Amino acid sequence: MSYLRHRVLALETPILLSLILLLVTFVAPSAGLSIENRAIVMLINVALVVGLYSFAGLSGVLTFGHMSFMGIGAYAGALVTIPVVAKGSLLPDLPGFLANAEVSLPIAILIGGGLAALFAAIISLPIARLPGLALSLAMFAVLIICYQVEANWDSLTRGRQALLGVPTNTTIWVALATAIGAMFVVFAYQQSRFGLRLRAAREDEYSAAATGVNIVRERRISLVISGALIGVVGVVYAQYLGVFTPNDFYLDLTFMTIAMLVIGGTRSLTGAVIGPMLVAVLTYTLQQGETVTGPGLQQVGLAIVMVLVLVFRPSGLTNGKELKLSTVVTRFRQGRADRNGRSSETDKAMTAVE
Amino acid sequence: MNEDSFSARGICVHFDGVKAVDGVDLEIRRGEILGLVGPNGAGKTTLVNALTGFEKPTYGECSIGDRDVLGKPPHAMASVGVARTFQAGRLFNHLTVLENIEVAALKRYRLRRHAEQWAIEVVESLKLGAIRDRLAGELSHGEARTVELGRAIALKPEFLLLDEPAAGLNESESDRLVGVIAEIPRQGGCGVLIIEHDMKVIMRLCDRIHVLDHGKSLAEGTPEEIRGNAAVTEAYLGGTVMPDA
């Protein structure tokens, strides 16, 4: 019994975060279709940034190329779900096994995630060996390659023209399930022996090596896990959009997701979840402003916020802390103590990553 | 060579013409403490780097028993039982004390559950229980050095190389740490190499002392022999007499 209690308590952070997302999912549809759609995109972004965090956050190596896995998942998922009839006219030169494939969303998720994971495993052979910045840049090169292939392999992707006819299976509940699933997978990974070793290497590569951590191997594992997750998100996102082009998985998205992770905080799962939520509110506000200022305000505003966070709170808003009930309770008590004239030590009250 | 020793022969580490380590023979025997001393820039840390896989020796041989271990990467050296600490004291700052030690414990126990148990044992034996859930980056210098030693011990090494473990500690902290180090060979027969500037510490701890100067071995022997060695006194202490043990 006490063992079970211990296990459940250990999952406190993803459970609390899931409850917050669940609340959003319940409330958003009542505010109209436009808000519901924004909530869906936000939930997908949570899943996406959590996937990004499983590499960038845990290894400490920021990556500029993980959206390539998203593109792979999106195209793979779309090609096996677009109705066979539609594929005949849209993509007449498709190889037979794809032309005749029409599977359900769960199967498409397995295919898209699996393909992205396979791709990640292959590129990890050379890339995981690279030191920090070189790894970031190599991943950026991978993104460019994937984009160019998607934009020019006309018989498979329709090139720069939009791929359409993708069934729109992604409801707000599918998006929620994706986000929650990603959170639990990544939390389990973070707490596992693999995650612990990867985090140790993030803190200090030399001591990690001296302590027996094979950094290349741990980064390779992390690349495959993050690749699989982001591939899955790609499938789900494509089934939300229904119509997409290679540009949907390129520089804009890369910048957006990195901004979300940096703002939320790269060193905690909580940061990877609240980052996209805050950015969703921020971009909504800025988009309203664009009716006055003209286009571009959204990106400029987001970039400025990211710079401000980097300057004033380099570890992001969560600063490496995870959301925990004990934290909330302590903060509440601290707040009452403050009102009674005692000094605040709220930061100390936050619990550390475990 | 002895089955139970970590031995290096003719180790050279040259950087663009600078001979940081130049033809050093060294043997760490199980169950003993070997002191590695010498003036600043003598090549002590470079030698430890070469023995632990952090620096590839230009020439030389390195083996444990009959097993050649030269050129293995650092994490593989940890796998064959060679652990080390760093002069600068490098901990995983955003991990807790217990997690720091658990990373090492994972090298001996596959599952986190078991690794955690062993890490807790190490924490308790070093009397770090009170700070085990603190972040390593928030520790005092003395606590941090003890945790670093604990992390190396948690690897259950057969050979442990300590690079100035007591640097920056006050006298009582240093005494405590020296006490811990003195116990290491008695538990499981680990062989220890220690770099240390404080000759009192060296004389008290070591079974044998190896003196390095300008990258070359100057002398090796028991503390008594080294104390009586005129060349060592000249090179290392500039003519002053070494303190008694």
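**Exercise 1. In this predicted model, which residue of β2(B) is the bridge partner of B:I11, and how do the two strands pair?**

Step 1. Find the partner. B:I11 is bridged to B:V24 in β2(B).

Step 2. Place the strands. Strand β1 of chain B covers residues 5–15. β2 of chain B covers 18–29.

Step 3. Read the pairing. β1(B) and β2(B) are antiparallel, with 9 bridges.

Step 4. Widen the view. The open sheet has 4 strands in the order β2-β1-β4-β5 (chain B), and its pairing is antiparallel. Its edge strands are β2 and β5 (67–68) of chain B, each of which pairs on one side only.

**Exercise 2. Give the strand order of the 6-stranded open sheet of chain B, and work along its pairs.**

Step 1. Write the order. It is β6-β7-β8-β3-β9-β10, with mixed pairing.

Step 2. Note the turn between neighbours. Neighbouring strands of this sheet are turned by 20° against each other on average, direction ignored.

Step 3. Start from β6(B). It pairs with strand β7 (residues 159–163) of chain B in the parallel sense, over 3 bridges. B:V82 has B:F159 of β7(B) as its bridge partner.

Step 4. Move to β3(B) and β9(B). They pair in the parallel sense over 4 bridges. Here B:L36 is opposite B:H210 in β9(B).

Step 5. Finish at β10(B). β9(B) and β10(B) run antiparallel, joined by 5 bridges. B:D213 lies opposite B:K216 in β10(B). The two strands form a hairpin with 2 residues between them. In the turn, B:H214 has a positive phi of about 50°.

**Exercise 3. Describe how α15(A) and α16(A) cross, and say which residues make the contact.**

Step 1. Recall what is needed. Two packed helices are described by the angle between their axes and the distance between the axes.

Step 2. Take the values. Helix α15 (residues 269–293) and helix α16 (residues 297–312) of chain A have axes that come within 8 Å and cross at roughly 135°.

Step 3. Classify. Over 145 degrees would count as roughly antiparallel. The two helices are therefore oblique to each other. The crossing is right-handed.

Step 4. List the contact. α15(A) gives A:V279, A:L282, A:T283, A:L286, A:Q287, A:G289, A:E290 and A:T293. α16(A) gives A:L297, A:Q298, A:G301, A:L302 and A:V305.

Step 5. Sort by class. The contact has 6 nonpolar, 6 polar and 1 charged residues.

**Exercise 4. How many residues does each chain bring to the contact of A with B, and how far apart are the domain centres of chain A?**

Step 1. Count by chain. Chain B brings 25 residues and chain A brings 20 residues.

Step 2. Locate the side of chain B that touches chain A. α2 (74–79), β6 (82–84), α3 (97–105) and α4 (112–125) of chain B each supply at least two of its residues.

Step 3. Sort that side by class. It has 12 nonpolar, 6 polar and 7 charged residues.

Step 4. Turn to the domains. Chain A is assigned domain 1 (13–246) and domain 2 (324–354). Their centres, taken over C-alpha atoms, are separated by 36 Å.

How values were computed. Residues numbered from 1 in each chain as written. Chains lettered and ligands numbered in written order. Predicted model: local features only at pLDDT ≥ 70, side-chain atom pairs only at ≥ 80, totals over all residues. Contact = placed C-beta atoms within 7 Å. Nonpolar A, V, L, I, M, F, W, Y, C, P; charged D, E, K, R; others polar. Domains from an automatic or database assignment. Axes fitted to C-alpha atoms, helices over the stretch in contact; angles between N-to-C directions. Parallel < 35°, antiparallel > 145°, perpendicular 65-115°, else oblique. Left-handed = near helix turned anticlockwise from the far one by under 90°. Pairing = 2+ DSSP bridges.
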